[in-house]
Amino acid sequence: RNIRNREARKRKVAAESARAKFFDSQRIQNIIREASESDDPTVKAKLTAYERHRLIASSWSNDERKEESQLLTRLDELDGIEATWSNKDGGVEIAISQGWRRASQAADSLSEDDRADLASSYVEHRMRVVGADLQALINLRNSVARRAGFDNYWELGLASQGLTAAEVTTLTDELAAIVQPIVSASEAQVAAHADAEGIANTFANRMMIRRKLGLEAGREDADNFFDADLAEERVKQALNDMGIATNGWQVYTGPSRYTRSGVYGFPVRPPNSIAIVMSNDRRWTLWQYEAMAYGGGGAVWWQSIDDQAALSPPMWEPTPPWFEGFAAFFQRLTYEPGFHARYVPELPKELRAKLASWRVKSMARSIASSIVQTKVEQRLYEDPNSLEAITRFAAETRQQLTGAPAAPMTESGLTYDSALLSAILWNYPAYSQNYLFSAMTEAWMWD
């Protein structure tokens, strides 16, 4: 329970070594060979699932896995360093270890010079993870992929999920055509307001301007009414009221310095035993409810598999692109006024509709960000040699898609972009595009 990241890494390496040993077994290879000659649809489906798992497991040596674990540990430690910014007279102190939304909100009343100084400190602190360790990790993975017959590890990762680079490109192009007019209109609105008020339309000021325009209304106002300590109880109750059992769930929460930042679930022994692990750094936040519902969505799937599928771990879930969408359906529940009325009665009635409206409007921005992150991850694995070129590509891709103004730069010459700062990028290679499937599912089913 709440095991530290370092210990979790050791367990992960041991599990991956056991998986590789499983697929190296001559007995297992013979079974797979025999299955490949079967015409039974059930056997074929199982064979496909096992082949996907084997693709990754059989590509790595034990020493390479240990090296990867060491690099991931260093990146996670860099990402977890806590820092604060203070203005010149020391009267204001703002945490810069979390997201820019929260940090910038605390600076709305400061002078433009102070906001610029805060933004500069934030960018320098957050971009520390974009360095030699990230390059070493990508180069290590690429060497593994080339030995397995792929140009880079991004393509190997896609293949293990049943996807190709061409399919991902088609998806991002089609979605970009849909969301670009929406996000560009929002950026134009921000630019027009900045011009009218004589405010520089910069990274330091844009969130403040969005708040003044009401573009963030609902989300930020609502946070103070969501007690994170009650998230598990309330989300479970909501699902129970829908007829969904939660008795077999093991829910673990802890600060991100101990528990990897974010939320992830995994089946211990499905369909009856499921684990959900969440980081929890704030007492009042809607995110904890989202995380619990998202993890619960995965648990619902695992609880629904039949006894035959439960015997074969590769059959425990669909390929990641579709699994993300399944979990997102449940995550969206936490934004619905009906959920608030019954399970978060503290949230004022007038804020319930605003919060739901904010979520709908934010979908285009979420899709745009996932498009950028997908393209940046592909570019990173294709040529990791120049971090300056990669970060510049990231910022330019975002500018072209959204119409955002020029991004800030670090003192070392890197261009800031959030696409390179997500732990998803290094912990789950070739996974970024799956959030596009998640957003699409939510948009289709809710909006």
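Visitor: Which residue forms a salt bridge with arginine 141?

Guide: Side chains of opposite charge can pair when their charged atoms come close. The rule used here calls it a salt bridge when a side-chain nitrogen of Lys or Arg lies within 4 Å of a carboxyl oxygen of Asp or Glu. Arginine 141 forms such a bridge with glutamate 68, and their closest N and O atoms are 3.0 Å apart. The pair links distant parts of the chain, since arginine 141 sits in helix 7 (residues 132-147) and glutamate 68 in helix 4 (residues 62-79), 73 residues apart. Helices (H or I, at least four residues) and strands (E, at least two) are DSSP runs, numbered from the N terminus.

Visitor: What should I keep in mind about the model and the numbering?

Guide: This is a predicted model, in which local features need pLDDT of at least 70 and side-chain atom pairs count only at pLDDT 80 or more, whereas totals for chains, interfaces and linings use all residues. Residues are numbered from 1 along each chain as its sequence is written, and side-chain values use heavy atoms, with hydrogens and water left out.

Visitor: Is arginine 141 buried or exposed?

Guide: Buried means under 20% relative accessible area, exposed means over 50%, and partly exposed lies in between (1.4 Å probe, protein chains only). Arginine 141 counts as buried because its relative accessibility is 1%, and glutamate 68 is likewise buried, with a relative accessible area of 4%.

Visitor: Which residue forms a salt bridge with aspartate 227?

Guide: The partner of aspartate 227 is arginine 283, with the closest N and O atoms 2.6 Å apart. This pair also links distant parts of the chain, with aspartate 227 in the loop between helix 11 (219-222) and helix 12 (231-241), and arginine 283 in the loop between strand 5 and helix 13, 56 residues apart. Aspartate 227 is buried, with a relative accessible area of 9%, while arginine 283 is partly exposed at 41%.

Visitor: Where do lysine 236 and glutamate 232 lie?

Guide: Both lie in helix 12, 4 residues apart, which is about one turn of the helix. Lysine 236 forms a salt bridge with glutamate 232, the closest N and O atoms being 3.0 Å apart; lysine 236 counts as buried at 16% relative accessibility, and glutamate 232 is partly exposed at 30%. Elsewhere, salt bridges that share partners join Arg101, Asp108, Arg210, Arg211, Glu216, Glu220 and Arg365 into one network.

Visitor: How many salt bridges does this rule give?

Guide: By this rule the count comes to 24 salt bridges.

Visitor: In what order do the strands of the sheet run?

Guide: Two strands are said to pair if DSSP finds at least two bridges between them. Here 3 strands form an open sheet with mixed pairing, in the order 3-5-4. Strand 3 (249-254) and strand 4 (263-269) are the edge strands, each pairing on one side only, and the twist averages 20° from one strand to the next. Such angles run from 0 to 180 degrees between N-to-C directions, with axes being lines fitted to C-alpha atoms, for helices over the stretch in contact.

Visitor: How many bridges join strand 4 and strand 5?

Guide: Strand 4 and strand 5 (residues 273-279) pair in the antiparallel sense over 6 bridges, and they form a hairpin with 3 residues between them. Within strand 5, isoleucine 276 is the bridge partner of glycine 265, and alanine 275 is that of phenylalanine 266.
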